[in-house]
Amino acid sequence: FVYLLPRLNRRTLLILPSRPVEMIFAAAILRLARRTSVLLDIQDVWPDGLVIRDRFRHVLFAGYCHAHLYPSLRFIDKFIHVAPSFFNWLHRYAPKARSVFVPLGFDADRWQTVSPRSEPTSEPVEMVCVALLQHLIDVMPILQAINGNERFRLTLIGDDGQGERYPEVMEFIRVNGMKNVSLVGRLPREAVVSHLQRMDIGVVPMISSSIPNKVFDYVAAGLPIIVLGENDSADFVEGMGIGWRCAYNSDGLR
């Protein structure tokens, strides 16, 4: 705020991400003080998108976010959002605001070596989930669905032990002696491309309603996508005819 205050004027466009909420609050004050224009890129929504298990902390955090967002968002003049449901979040705080849907997409140069895919002609069918196994990503229904079914294999990419759900996932695999699950850990961006080229289906087991980057990685790799639950990703995949939606449980996935 101190750095920008003398550098902004009516000819300036200030572009910001949608978190942390303190930055939005500061941007609103800058807009009022300097008459600048502010574009908010809504890629994440607090408090909705940050799930906190402890009820007291959740209520405290939600109140903290509301205290910053209610008085500030109505003074921001430009918005774009990367998931349709984020527009509802915006209208909670600024009912008259307008926003343009701009999906995240992918870097075409990174995926230029990927060839169009055909349906799998042999088993096992290779499923992949690229994600950190945090609270918002629950792969347990996938593990339960393929447990004991060697027709399907699951590769988990992106977690080297840091995720909140990692111990739970590893324990389930160990107890059930699952040989059809592989954990690859974190990979360089180029290595993710080569791994996805060998897969058949991308899986999105995300609790929140956003459309994560990995959905577009699956699109770039030419993979059909299964989305668990009712959310923006499911609407996107089904609307574009590039995959399926199912209930967020093992029966739905089966």
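**Figure 1. Elements covering the buried side of helix 3.** Strand 2, helix 2 and strand 3 (78-81) are among the elements that cover the buried residues of helix 3, where contact means heavy atoms within 4.5 Å. Helices (H or I, at least four residues) and strands (E, at least two) are DSSP runs, numbered from the N terminus. The model is predicted: local features need pLDDT of at least 70 and side-chain atom pairs count only at pLDDT 80 or more, whereas totals for chains, interfaces and linings use all residues. Residues are numbered from 1 along each chain as its sequence is written, and side-chain values use heavy atoms, with hydrogens and water left out. The buried residues in helix 3 include Phe86, Trp89, Leu90 and Tyr93; buried means under 20% relative accessible area, exposed over 50% and partly exposed in between (1.4 Å probe, protein chains only). These residues lie on the same side of helix 3 because they cover an arc of only 100° around the axis, the arc being that of the directions from the helix axis to the C-beta atoms.

**Figure 2. The aromatic pair of Trp89 and Tyr93.** Rings of Phe, Tyr and Trp (its six-membered ring) pair if their centres lie within 6.5 Å; planes under 30 degrees apart count as stacked, over 60 as edge-to-face and the rest as tilted. By this rule there are four aromatic pairs. The ring centres of Trp89 and Tyr93 are 5.6 Å apart and the planes stand at 70°, so the pair is edge-to-face. Trp89 and Tyr93 are four residues apart in helix 3 (residues 86-93), and therefore separated by about one helical turn. Ring pairs join Tyr70 to Trp89 and Tyr93 in a cluster.

**Figure 3. The aromatic pair of Trp46 and Phe61.** This pair is edge-to-face, with 5.5 Å centre to centre and 65° between the planes. Trp46 lies in the loop between strand 2 (37-42) and helix 2 (55-72), and Phe61 in helix 2, 15 residues apart, so that the pair links distant parts of the chain. Trp46 is buried at a relative accessible area of 17%, and Phe61 is buried at 18%.
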